[in-house]
Amino acid sequence: MARKSIEERLAQIEAQRKTLKARLGKQERSEDTRRKVLLGALVLRRLETSGDGEFSKRLGEWLKRELPGFLTRDADKELFADILKPEPVSTNGGSTGESTS
């Protein structure tokens, strides 16, 4: 069996390097996606089931302010329609005294 030349061995090592780099990139993207999904799940859970009503209210208000500028595609905006819908106006005459500026 003939020995591989140094050039052939270097080419083989470079191909392995490229394969490993691609695998690492895929793993990093997968981990990034998982982090985003878990963080999103936490936020949604806090909105739905938090025992701290004031925190949930502030979180919801923050999302209503920030999401419209963050979401650019209509399909993405539709995914968050339940969060982005305006609050029903209270007719009981009560005022929180807070400004929305």
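Visitor: By class, how many nonpolar, polar and charged residues does the lining of the second largest pocket have?

Guide: We are looking at a predicted model, in which local features need pLDDT of at least 70, side-chain atom pairs count only at pLDDT 80 or more, and totals for chains, interfaces and linings use all residues. On a 1 Å grid over the protein atoms alone, a pocket is an open set of points where a 1.4 Å probe fits, with protein on both sides within 12 Å along at least five of seven lines, and lining residues have an atom within 4 Å of a point. Ala, Val, Leu, Ile, Met, Phe, Trp, Tyr, Cys and Pro count as nonpolar, Asp, Glu, Lys and Arg as charged, and the others, Gly among them, as polar. Sorted in this way, the lining of the second largest pocket has twelve nonpolar residues, one polar residue and two charged residues.

Visitor: Which residues of that lining lie nearest the centre of the second largest pocket?

Guide: Residues are numbered from 1 along each chain as its sequence is written, and side-chain values use heavy atoms, with hydrogens and water left out. The lining is made up of 15 residues, and α1 and α2 each supply at least two of its residues. Those nearest the centre of the pocket are Gly-40, Leu-63, Leu-67, Phe-70 and Phe-80.

Visitor: How many helices does the protein chain have?

Guide: Helices (H or I, at least four residues) and strands (E, at least two) are DSSP runs, numbered from the N terminus. Read along the sequence, the chain follows the pattern α-α-α-α. With zero strands in the protein chain, the count of its helices is four.

Visitor: Is Leu-67 buried or exposed?

Guide: Leu-67 lies in helix α2, which covers residues 53-70. A residue is buried under 20% relative accessible area, exposed over 50%, and partly exposed in between (1.4 Å probe, protein chains only). Because its relative accessible area is 10%, Leu-67 is buried.

Visitor: Which residues does Leu-67 touch, not counting residues up to four places away in sequence?

Guide: Contact here means heavy atoms within 4.5 Å. Leu-67 and Leu-84 are 17 residues apart in sequence, yet their C-alpha atoms are 7.8 Å apart in space. With residues up to four places away left out, Leu-67 touches Leu-84, Ile-83 and Phe-80.

Visitor: Which residues is Val-43 in contact with, leaving aside its neighbours within four places in sequence?

Guide: Val-43 is found in helix α1, where its relative accessible area of 24% makes it partly exposed. Its C-alpha atom is separated by 9.4 Å from that of Gly-60, a residue 17 places away along the chain. Neighbours within four places in sequence aside, Val-43 is in contact with Leu-59 and Leu-63.

Visitor: Which residue's backbone oxygen does the side chain of Ser-56 reach?

Guide: Ser-56 has its place in helix α2 and, at 13% relative accessibility, counts as buried. Among the residues it touches beyond four places away in sequence are Leu-47 and Ser-50. The side chain of Ser-56 also reaches, at 2.9 Å, the backbone oxygen of Arg-46.

Visitor: With which residue does Arg-17 form a salt bridge?

Guide: Side chains of opposite charge can pair when their charged atoms come close. A salt bridge is a side-chain nitrogen of Lys or Arg within 4 Å of a carboxyl oxygen of Asp or Glu, and the structure holds three of them. The closest N and O atoms are 3.0 Å apart, and the partner of Arg-17 is Glu-14.

Visitor: What is the N to O distance in the salt bridge where the side chains of Lys-36 and Asp-32 meet?

Guide: Lys-36 and Asp-32 are four residues apart in helix α1, so about one helical turn separates them. Lys-36 counts as exposed at 54% relative accessibility, whereas Asp-32 counts as partly exposed at 35%. Their side chains meet with an N to O distance of 2.9 Å.

Visitor: How far apart are the closest N and O atoms of Asp-76 and Arg-73?

Guide: Asp-76 counts as partly exposed at 21% relative accessibility, while Arg-73, with a relative accessible area of 53%, is exposed. The two form a salt bridge, and the distance between the closest N and O atoms is 3.4 Å.

Terms used: A polar contact is a pair of N or O atoms within 3.5 Å; within protein, one must be able to donate a hydrogen and the other to accept it, and residues adjacent in sequence count only if both atoms are side-chain atoms.
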